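Take a look at the fold and its sites before reading on. The walk-through below goes from rings to sheet to metal.

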Amino acid sequence: MTVDVHAHTSYSDGSGIPLMVDAAEAAGLDAVGFTDHCSLSEAWRDERLLWNRNFDRTYARRRTALSIVADRTDLAIYDAVEMDYEPGLEAAIDEFLDEAGFDYAIGSVHYVAGKQVFPFESFADASDAERRAFVDDYYDAVVSLVESELFDVLAHADLVENHPALRGLTTAAHRDRVAAACAASRTVPEINAGRAGDRGEFDLFHPTDPLVEAFRDRGVRFVVGTDSHDPADFADRVPRLERYLEETGIEPLGMAEVANDGVTGRSGASEAGPSEAS
Ligand SMILES: [Zn+2]
Ligand SMILES: [Zn+2]
């Protein structure tokens, strides 16, 4: 594994850029894309301020910072974004992505109809029917994210499977819809290691195995992301992902398939493509 399409910096909920770059390089990566959280949701206006999710106002500063750090490293650095997707926000997202001109954009469903997937406590009082309805709505949103064609990458496609109250509610029909949508779209699903680690029963990759199978049945390819927030995440997750790719035989796509040229304009990352997955 030489390419990581998903990592955060202090421009959202990650760590300082120089620390993240050094750690990514030390983990053996050739290319990393920084994908800070960005939400355009009006419903979360206050939360966006409280949690530093105003990347739509700060991306230009991060871009300058990335160009500075790019001169200090051999890593190929990509200037990207993890956008919150919400049905109905397509026009606003389209306009923003157009204006910002990132190397690529990841789309994520972190909340549905104003309700966040996490934290774990969030569904404690919900009935079975309410949980099922939420999971249905979640996959409706994932499918419309893909069908919107706004994004290069679909993040952690079955995020709800990592929630104790929602796990197991993903059906074969949900998986089939998501896989079919990706098969017909430019949007590539991500193998996401953000929840892999020493977390007992919550140690998993997204997508979980049944959804990976549904994608593979339809010939859908993947990109790979550590979803690192702390520098130490790279050292932990890169080897985990390498083992995972070896075990599954998945050969991920390189940056060339999802991204523009990158901050340095180097195409080195694109050459570090599928065949170097191990
Ligand atoms: Zn995410
Ligand atoms: Zn992320």
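Which residues do ring pairs link into a cluster? They are Phe55, Tyr59, Phe96 and Phe102. Rings of Phe, Tyr and Trp (its six-membered ring) pair if their centres lie within 6.5 Å; planes under 30 degrees apart count as stacked, over 60 as edge-to-face and the rest as tilted.

First, the ground rules. This is a predicted model, where local features need pLDDT of at least 70, side-chain atom pairs count only at pLDDT 80 or more, and totals for chains, interfaces and linings use all residues; side-chain values use heavy atoms, with hydrogens and water left out. Residues are numbered from 1 along each chain as its sequence is written, while chains are lettered from A and ligands numbered from 1 in the order in which they are written.

Back to the rings. The structure holds 11 aromatic pairs. In one of them, the centres of Phe205 and Tyr244 are 4.4 Å apart with the planes at 40°, so this pair is tilted. Phe205 is buried (under 20% relative accessible area; exposed is over 50%, partly exposed in between; 1.4 Å probe, protein chains only), at 15%. Tyr244 is buried too, at 7%.

Charges also meet rings. A charge sits over a ring if NZ of Lys or CZ of Arg is within 6 Å of the ring centre and within 35 degrees of the ring normal. Arg63 has its charged end over the ring of Phe102, 5.5 Å from the centre. Lys115 lies over the face of Phe123, 4.3 Å from the ring centre.

Now the sheet. Seven strands form an open sheet in the order E1-E2-E3-E4-E7-E8-E9, with parallel pairing. Strands (E, at least two residues) and helices (H or I, at least four) are DSSP runs, numbered from the N terminus. Two strands pair if DSSP finds at least two bridges between them. E8 (residues 188–192) and E9 are joined by three bridges. There, Ile191 stands opposite Val224.

Last, the metal. His6 (NE2), His8 (NE2), Glu82 (OE) and Asp227 (OD) coordinate the zinc ion (ligand 2) at 2.1 to 2.3 Å. Donors are N, O and S atoms within 2.8 Å of the metal (3.2 Å for Na, K and Ca); water is not among the atoms, so sites may look incomplete. Glu82 bridges this ion and the zinc ion (ligand 1), 3.6 Å apart. Both His8 and Glu82 are buried.
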